[in-house]
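Colleague: Please take a close look at one part of this model for me, the contact between the two chains. Walk me through it residue by residue where you can.

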Amino acid sequence: MAQRNGGAGTRIYGQEHVQRLLFPQIRASGEEIRIDYRTFTKSEDFQDYRQLFEDSGWRHISGTKNSGVQYFVRTGDSADDEIFSDRASKAGRYKRLSNMWLTFAASYLPIMVAILSSGSIDGKAMLNPKLLYYTPGLWEKTSLDFWRSFLFETPFALMRVFSWLVFPFLVSLYFYFAARAYFKYRSSTQSKA
Amino acid sequence: MNREKHLPLTETTFYILLALIQPSHGYAVMQKIEEMSEGQVRIAAGTLYGALENLVRQKQITPVRSDDPRRKSYAITDLGRKILKADCQRMEHMVMLTKTAIGEGRL
């Protein structure tokens with residue numbers, strides 16, 4: 001139980017870049033950042049959580065009650081080099097992360113279904129893009145006048161036809177993140193420490 | 001033998017329950033465990049927080065009133081005591097078997 005875990009597996013893909021952007025001075029000083037994923041319903045719980053880390057030599061540098069991601073750096077008097085001392089709890093972090101993404105996906109799913117099933121996507125406009133341009137008399141205009149109005153409206157026309165795609169995109173992205181965190185959880189419970 | 005579904009306890013859980021016979025806050029639990037185990041068991045902050053949360057959910061420990069507004073205190077419940085004793089008996093039996101084997105020179 002007193003085993004020490006090396007740095008391997010404690011970092012999360014992409015976090016290196018995030019850290020460099022968020023905490024340039026900490027990265028520069030060579031202090032290692034540790035990450036936990038947790039959300040809290042009560043602010044007393046969040047306070048208690050930070051206090052426990054603080055007491056055991058970890059300074060909370062970023063994260064809020066609802067942010068999920070909690071960043072810590074080791075203060076001088078800490079004896080531990082990891083915030084998790086067994087494999088199960090280390091893996092549990094990925095489980096919580098996966099659940100967080102699943103919650104996001106689940107909250108966008110009804111919106112996506114509503115949009116897809118309510119017929120608010122205009123199939124006709126996709127086949128006949130002219131319908132997406134609302135400027136009166138646009139198609140009767142000529143040369144420069146036409147191009148100016150046409151190009152001006154094009155971004156809006158694109159939004160009109162493609163804005164609904166945001167939801168399927170977000171939902172699939174969240175499911176992808178959830179799956180990735182889940183597989184990370186699975187592999188870290190099974191791998192030999 | 002009708003075994004508790006929570007058995008066997010992990011070393012972490014066992015020590016936490018043992019430490020919480022005396023109500024304490026998280027960091028005190030951590031220190032007490034290190035002392036009781038003669039430095040053999042050190043529970044890191046993230047692991048301890050998760051373990052306390054789980055034990056509260058399973059009603060083996062419960063939050064109690066704390067004098068310190070910044071730190072939550074916990075105490076073992078009756079269920080927790082029952083589980084701790086049951087696990088102690090489970091281990092006693094194994095220890096007894098092993099000691100017998102040693103005594104008879106089989107080990």
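Modeller: What follows starts at the interface and then moves into each chain.

Keep in mind that this is a predicted model.

Start with the extent of the contact. Chain A contributes 22 residues and chain B contributes 21. Together the two chains bury about 2,000 Å². Carbon and sulfur atoms carry 51% of that area. On the chain B side, three residues stand out: Arg42(B), Tyr49(B) and Arg70(B). They supply 33% of the area that chain B buries against chain A, more than any other three residues.

Now the polar side of the interface. Ten residue pairs are in polar contact between chain B and chain A. Three helices of chain B each supply at least two residues to the side that touches chain A: α1 (11–19), α2 (26–36) and α3 (45–57). The largest share is from α3(B), with seven residues. By class, that side of chain B has nine nonpolar, six polar and six charged residues.

Salt bridges come next. The rule finds three of them across the interface. One involves Glu53(B) and Arg38(A), with an N to O distance of 2.8 Å. The side chains of this pair are also joined by a polar contact of 2.8 Å.

Arg38(A) deserves a longer look. It sits in strand β1 of chain A, residues 33–38. How accessible is Arg38(A)? Its relative accessibility is 6%, under the 20% limit, so Arg38(A) counts as buried. Leave aside its neighbours within four places in sequence, and Arg38(A) still has contacts in both chains. In chain A, Arg38(A) touches Tyr49(A), Lys65(A), Gly68(A), Gln70(A) and Arg96(A). In chain B, Arg38(A) touches Tyr49(B), Gly50(B) and Glu53(B). Tyr49(B) is also one of the three residues named above for buried area.

Thr64(A) is 26 residues from Arg38(A) in sequence and 9.4 Å away in space. Val69(A) is 31 residues from Arg38(A) in sequence and 6.5 Å away in space.

Follow Val69(A) for a moment. This residue lies in strand β3 of chain A, residues 68–74. Val69(A) is buried, at 18% relative accessible area. Beyond four places in sequence, Val69(A) touches Ile35(A), Asp36(A), Tyr37(A), Ser62(A) and Gly63(A).

Back across to chain B, and to Arg42(B). Its place is the loop between α2 and α3 of chain B. With a relative accessible area of 18%, Arg42(B) is buried. The side chain of Arg42(B) also has a polar contact inside its own chain. The partner is the side chain of Glu34(B), at 2.7 Å.

Chain B has four helices and three strands. From the N terminus on, the order is α-β-α-α-β-β-α. Chain B has 107 residues, and 40% of them count as buried. Take the contacts in chain B between residues at least 6 apart in sequence: 50% of them join residues at least 24 apart.

Last, the aromatic rings. Over all chains the count is 24 aromatic pairs. Take Tyr133(A) and Phe150(A): the ring centres are 5.0 Å apart and the planes are at 20°, so the pair is stacked. Tyr133(A) lies in the loop between α5 (123–127) and α6 (143–162) of chain A, while Phe150(A) lies in helix α6, so the pair ties together parts that are 17 residues apart in sequence.

Compare the geometry of Tyr182(A) and Tyr185(A): the centres are 5.9 Å apart and the planes are at 45°, so the pair is tilted. Both residues lie in helix α7 of chain A, residues 166–190. They are three residues apart, about one turn of the helix. Tyr182(A) is partly exposed, at 31% relative accessible area.

Chain A also holds a cluster linked by ring pairs. Its members are Trp101(A), Phe104(A), Tyr108(A), Phe167(A), Tyr174(A), Tyr176(A) and Phe177(A).

Key: Residues numbered from 1 in each chain as written. Chains lettered and ligands numbered in written order. Predicted model: local features only at pLDDT ≥ 70, side-chain atom pairs only at ≥ 80, totals over all residues. Heavy atoms only, no water. Contact = heavy atoms within 4.5 Å. Buried area = accessible area lost by both parts, 1.4 Å probe. Salt bridge = Lys/Arg side-chain N within 4 Å of Asp/Glu carboxyl O. Polar contact = N/O pair within 3.5 Å; in protein donor to acceptor, adjacent residues only side chain to side chain. Nonpolar A, V, L, I, M, F, W, Y, C, P; charged D, E, K, R; others polar. Buried < 20%, exposed > 50% of the residue type's maximum accessible area, 1.4 Å probe, protein only. Phe/Tyr/Trp six-rings, centres within 6.5 Å; stacked < 30°, edge-to-face > 60°.
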